[in-house]
Amino acid sequence: MPQCPICKAAVWVGDRYCPTCDHYLPHPEEEDHFCPRCGIRVAPQQKICHKCKAVLPEMTGTLSTAPARGLKLLFSIRGIFIAIGLVIVTLLLVFLFKKSPEPPQPVVTLPPQAPAEQTPAAPPMPPAATAPPAPTAQEPAVLSEPTTPSPPKVTVPTPSPPLYVVNAHSLALRASPSRSAPLIAILNFQDEVELLETSGGWGRVRDVRRDIVGWSNMRYLAASDS
């Protein structure tokens, strides 16, 4: 019997929506589309969400053609070759400018100057008699008391939040622990999150890869082995 790709519940052949989580059951050749308001999976040709009745934006076709992918790949390869060529030309120009000889600098010679007239030096003054320094009384040395060293500061490392991974195909990240709360982002399968707190079967988590904080259902989260 086929299963729902989101909650893994058994569904009947021909069902369009999962009776357990209300998600749209896509065909293998269809892409994933979600409602921007409630985050539930919808069909590509739907115009109104079957759960929250929100108007869905116009979606593109579900099948991606091979020629379009080939053109994208061709343009990306051409852009890489153009960028490599520009880098090589820039390096050659820098190398040629560094190797080019500098023009000779003109040498300026100053005319010889006449020697200045020497003035007779004044006779040295006799040294003045200096009185011997008066003896100074030496103060007794003050013994300082030994200081006890202060104990080193011990810093206790703060434990890091536990890591969890998403065990569903996609999981909604909401602003509060409620299915009607606004949608913040969509977590994909095997995404790592940090569990910050829990409330009524919901967990406040932080997406490690994108640094996004929100609430998700703890039923679709599993403790990470790492």
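The model is predicted, and local features need pLDDT of at least 70, side-chain atom pairs count only at pLDDT 80 or more, and totals for chains, interfaces and linings use all residues. Residues are numbered from 1 along each chain as its sequence is written, and side-chain values use heavy atoms, with hydrogens and water left out.

The protein chain holds 1 helix and 7 strands, taken as DSSP runs numbered from the N terminus (helices H or I, at least four residues; strands E, at least two). The order of the elements from the N terminus is α-β-β-β-β-β-β-β. Among contacts (heavy atoms within 4.5 Å) between residues at least 6 apart in sequence, 38% join residues at least 24 apart.

Strand pairing requires that DSSP find at least two bridges between the two strands. Strands β4 and β5 run antiparallel and are joined by 6 bridges, with Ser199 opposite Trp202 in β5. The hairpin of β4 and β5 has 2 residues between the strands, and Gly200 in this hairpin takes a positive phi near 60°. Strands β5 and β6 also pair in the antiparallel sense, over 6 bridges. Here Arg206 stands opposite Val213 in β6, and Arg204 has Trp215 in β6 as its bridge partner. The hairpin formed by β5 and β6 has 4 residues between the strands.

Positive phi values also occur in residues other than glycine. Asp211, in the loop between β5 (202-207) and β6 (212-217), has phi near 55°. Asp211 counts as exposed, at 53% relative accessibility. Gln190 is not a glycine either, and has a positive phi of about 70°. The loop between β3 (183-188) and β4 (192-199) contains Gln190, which is partly exposed with a relative accessible area of 46%.

A nonpolar core is defined as a set of buried Ala, Val, Leu, Ile, Met, Phe, Trp, Tyr and Cys residues joined through side-chain atoms within 4.5 Å. The largest such core has 19 residues, of which Cys4, Cys7 and Leu221 touch the most other members. At least two residues of this core come from each of β1 (163-166), β2, β3 and β4. With neighbours within four places in sequence left aside, Leu221 is in contact with Tyr164, Val165, Val166, Asn167, Leu171, Val193 and Val205.

Pockets were identified on a 1 Å grid over the protein atoms alone, as open sets of points where a 1.4 Å probe fits, with protein on both sides within 12 Å along at least five of seven lines. Grid points are joined across faces, edges and corners, and a volume is the space filled by probe spheres set on the points. The largest pocket has a volume of about 310 Å³. It is lined by 19 residues (an atom within 4 Å of a point), and His23, Ala172, Arg174, Arg179 and Tyr220 are the closest to its centre. Strand β2 (residues 170-174) gives the most to this lining, with 4 residues. By class, the lining of the largest pocket comprises 10 nonpolar, 5 polar and 4 charged residues (nonpolar: Ala, Val, Leu, Ile, Met, Phe, Trp, Tyr, Cys and Pro; charged: Asp, Glu, Lys and Arg; polar: the others, Gly among them).

Terms used:
Buried means under 20% relative accessible area, exposed over 50%, partly exposed in between (1.4 Å probe, protein chains only).
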